[in-house]
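User: I'd like to learn how to read this model step by step. Could we begin with what counts as a contact, and then work through the fold?

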Amino acid sequence: MRTYETTFIINPQADDTQLDRQVTDILDLIKANGGEIKCENRIGTRRMAYAINGLAQGYYTQLFYEAPQEALPVLDRHFKLEEPYIRFMTVLFEGPVPTLEEINRPPVERDEDKPRGDDRHRSGRRDERDDRGRSDNRPVARPVETPAEKPDP
């Protein structure tokens, strides 16, 4: 079985019991189709980047699970048919499944091991743009002097 990550947004205008039931429905659907939940992250109500169907906020939930590939169409169909689900996305997850503590760790702690102020990109190559210098340090173009033509003897 493969590991998947599904993130979905629910309409936040429902009460807590309805939100809990909608998340539990997704968990039960994954388990009923042979899946196993590895990590569940109920992020909570957050402001969305743009309004969807007149809603400016949504209740976010993130799931990491192992499931057979046949479970994905069933899950997608459930998201599309049920009205409270505003958006959803399922991706194939590669690598070790993070724990809830790792997901919720502040970004400052995650970046402790990375050196700051380094002129290298993530690929490890030096940034060539830094070697070009500033525009006021560019060499001045000078016209090429041509020798004067000599008359034929």
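Analyst: Happy to! Contact here means heavy atoms within 4.5 Å. Please keep in mind that this is a predicted model. Leaving aside neighbours within four places in sequence, Thr-3 is in contact with Tyr-65, Glu-66, Val-91, Leu-92, Phe-93 and Val-97.

User: Is Thr-3 buried or exposed?

Analyst: The cut-off for buried is under 20% relative accessible area. Thr-3 has 13%, so Thr-3 is buried. For the protein chain as a whole, 27% of the 153 residues count as buried. The accessible surface of the chain comes to about 12,000 Å², and 47% of that belongs to carbon and sulfur atoms.

User: Let's step back to the overall fold. How many helices and strands does the protein chain have?

Analyst: There are four helices and four strands. Reading from the N terminus, the elements run β-α-β-β-α-β-α-α. Sequence separation is also worth a look: among contacts in the chain with a separation of 6 or more, 67% are between residues 24 or more positions apart.

User: In what order do the strands sit in the sheet?

Analyst: The four strands form an open sheet in the order E2-E3-E1-E4, with antiparallel pairing. E2 and E4 each have a single partner strand and stand at the edges, so one side of each is left without a neighbour in the sheet. From one strand to the next, the twist averages 20°.

User: How many bridges join E1 to E3, and how many join E2 to E3?

Analyst: Two strands pair if there are at least two bridges between them. E1 and E3 run antiparallel and are joined by nine bridges; for instance, Glu-5 has Phe-64 in E3 as its bridge partner. Strand E2 (residues 36-52) is also antiparallel to E3, with eleven bridges between them.

User: Why is E3 described as largely enclosed?

Analyst: Count its buried residues: ten of the 13 residues of E3 are buried, so the strand is largely enclosed by the rest of the structure.

User: Now the helices. Which strands does H1 lie across, and which does H2 lie across?

Analyst: H1 lies across E1, E2, E3 and E4, and runs at about 135° to E2. H2 lies across E1, E3 and E4, running at about 165° to E4.

User: Which residues of H2 are buried, and which are exposed?

Analyst: In H2 (residues 71-81), the buried residues are Ala-71, Leu-72, Leu-75, His-78 and Phe-79. They cover an arc of only 125° around the axis, which puts them on the same side of H2. On the other side, Pro-73, Arg-77, Lys-80 and Leu-81 are exposed. The cover over the buried residues of H2 includes strand E1 (2-10), helix H1 (16-32), strand E3 (55-67) and strand E4 (85-92).

User: How should I read the nonpolar core?

Analyst: In soluble globular proteins, nonpolar side chains tend to be buried together. Here the largest nonpolar core has 17 residues, and Phe-8, Ile-10, Ile-26, Leu-63 and Tyr-65 touch the most other members. E1, H1, E3 and H2 are the elements that give two or more residues to this core. H1 provides the largest share, five residues. Apart from this core lies another, of six residues, including Met-48, Ile-52, Tyr-60 and Ile-86.

User: What does Ile-10 touch?

Analyst: Not counting residues up to four places away in sequence, Ile-10 touches Leu-19, Gln-22, Val-23, Gly-58, Tyr-59, Pro-84, Tyr-85 and Ile-86.

Note on methods:
Residues are numbered from 1 along each chain as its sequence is written. This is a predicted model: local features need pLDDT of at least 70, side-chain atom pairs count only at pLDDT 80 or more; totals for chains, interfaces and linings use all residues. Side-chain values use heavy atoms; hydrogens and water are left out. Buried means under 20% relative accessible area, exposed over 50%, partly exposed in between (1.4 Å probe, protein chains only). The arc is that of the directions from the helix axis to the C-beta atoms. A nonpolar core is a set of buried Ala, Val, Leu, Ile, Met, Phe, Trp, Tyr and Cys residues joined through side-chain atoms within 4.5 Å. Accessible areas come from the Shrake-Rupley method with a 1.4 Å probe; for residues, only the protein chains shown count as cover. Axes are lines fitted to C-alpha atoms, for helices over the stretch in contact, and angles run from 0 to 180 degrees between N-to-C directions.
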